[in-house]
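Let's walk through this model together, one neighbourhood at a time. Keep the viewer open and follow along.

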Amino acid sequence: MYAFEFHRASDIDDALKQLGADDEAQLIAGGQTLLQSLRQRLAMPSTLVDLGGLTELAGIERDGDALNIGAMTRHADVAGAAAVHDAIPALAVLAGGIGDAQVRNMGTLGGSIANNDPAADYPAGLVGLGATVVTTEREIAADDFFTGMFETALGEHELILGVRFPVPRRAGYVKFPQPASRYVLVSVMVAETDEGVRVAVSGAGPCVFRVPEMERALAADFRPEALDGIRVDPGGLNEDLHATPEYRAHLVGVIARRAVAAALS
Amino acid sequence: MLKIEANDSHRVTLTLNGRERSGNARPRTLLSDFLRHELGATGTHVGCEHGVCGACTVRVDGVASRACLMLAVQADGRRVDTVEGLAGDDGPLSDLQAAFRRHHALQCGFCTAGILNSCADFLGRERDPSEAQVRDMLSGHLCRCTGYTGIVRAVLEVAAQRREQRQEERDDV
């Protein structure tokens, strides 16, 4: 690990000040990805600004037709919260399937989406549910937030405060994990909302994406069978030692049907 | 706000197994190395050192976490429980440790300290776990000796014992 300075932020303003004072500074939330990257010398921040003390950024709150989850809320807390189970059970399923118990005990919502790993669970969750990312500067629709592999719309000195999830009529999340790491090989969040049906896919491509053809089919007929015959183009999908683009494209169809079934159950 | 320069040492004080302990850590010192080298608490084992094997799992404020994925300075002021705290000083093994022994839930023992910490946290929350839940909890650990069967049996047995105990305590009231 390269050497770095360490700041424990006392509040949000303090964190922003540290971030603004040093172009090479980086925020650390749960650290479950960042510390691995540091260990492997894949990252070389001059300063780590620790958000661990900012308890005001952790919490889950039902606000009418939306569920607000703070950026520093741990995956284990999302998975276990009664408010999440009541409002969006598919989101509790998603959070409860991330990594393993130790990762869920430390990893945070904000850290996960800021990293935007193509094999992370939350991007499909946010895009599939039509969520909004609330930052210190603005509100960003999930559709516009995830911009590419490990890339987001976040500015250099912008901090995620939380995410607002509209409560869907029904939703289902199913993940096909890479069995050793439990990262996403392919996962799908399907949601029927007041604005229509959304289908979002993590793991298959370099960045989360929606499948409009599936959304149209499900809007007409919200059953797994409605997706029969819809093929996903393997062009541009991820290829690695775990799966070919063709296999991932096939999985999108299989997992999407299971996600619809989960939403109906 | 706490600020530590890259090569400065910071005095980290934490409550280790109920006792206040202090040592020096640079910003990049991992909690696992701090426990072992600075505090001499070598019960916490270090395997992969990058968040995969689970051998270094401790409980931070009661919650199972990998000590190799946490900086020592992040643990400043917090409660850390390790395998050394499971049995009392020179006391008998905890129920969980005794069950591990009975069920041959360890062979070489390298992964055991971490697994015991995860199990201790898990059994505190799940009073009536299924085998699937136990296996899911164990997915954060690699054990190359046992095939996990003995570990699963030990955890399920302790859960059942504790349920019985609680029932007896209720009956006595």
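A residue is called buried when its relative accessible area is under 20%, exposed when it is over 50%, and partly exposed in between, using a 1.4 Å probe and protein chains only. By that cut-off A:D14 is buried, because its relative accessible area is 7%. Before going further, some ground rules: this is a predicted model, in which local features need pLDDT of at least 70 and side-chain atom pairs count only at pLDDT 80 or more, while totals for chains, interfaces and linings use all residues. Residues are numbered from 1 along each chain as its sequence is written, chains are lettered from A and ligands numbered from 1 in the order in which they are written, and side-chain values use heavy atoms, with hydrogens and water left out.

Back to A:D14, which belongs to helix α1 (residues 12–21) of chain A; helices here are DSSP runs of H or I with at least four residues, strands are runs of E with at least two, and both are numbered from the N terminus. Setting aside neighbours within four places in sequence, A:D14 is in contact with A:R8, A:A9 and B:M1, where contact means heavy atoms within 4.5 Å.

Next, turn to A:N116, in the loop between α7 (109–115) and α8 (122–129) of chain A. A:N116 has a relative accessible area of 1%, so this residue is buried. The side chain of A:N116 reaches the backbone oxygen of A:G148 at 2.9 Å. Beyond four places in sequence, the residues that A:N116 touches include A:P123, A:F146, A:E151 and A:C207.

That brings us to A:F146, whose own contacts beyond four places include A:I113, A:N116, A:L126 and A:V208. What kind of arrangement do the rings of A:F145 and A:F146 form? Over all chains, the structure holds one aromatic pair. The ring centres of A:F145 and A:F146 are 4.9 Å apart and the planes stand at 85°, so the pair is edge-to-face. Rings of Phe, Tyr and Trp (its six-membered ring) pair if their centres lie within 6.5 Å, with planes under 30 degrees apart counted as stacked, over 60 as edge-to-face and the rest as tilted. Both A:F145 and A:F146 are buried.

A:F146 also has a place in the largest nonpolar core, which has 40 residues; A:L91, A:I113, A:Y122, A:L126, A:F146 and A:F165 touch the most other members. Such a core is a set of buried Ala, Val, Leu, Ile, Met, Phe, Trp, Tyr and Cys residues joined through side-chain atoms within 4.5 Å. Apart from it lies another core, of 34 residues, among them A:L35, B:V60, B:A67 and B:L71.

B:E49 lies in the loop between α1 (31–38) and β4 (57–60), and B:D61 in the loop between β4 and β5 (63–66). B:E49 counts as partly exposed because its relative accessibility is 25%, and B:D61 likewise counts as partly exposed, at 39%.

Finally, step back to the domains, whose bounds come from an automatic or database domain assignment. Chain B has domain 1 (10–85) and domain 2 (95–172), with C-alpha centres 22 Å apart.

Conventions: A polar contact is a pair of N or O atoms within 3.5 Å; within protein, one must be able to donate a hydrogen and the other to accept it, and residues adjacent in sequence count only if both atoms are side-chain atoms.
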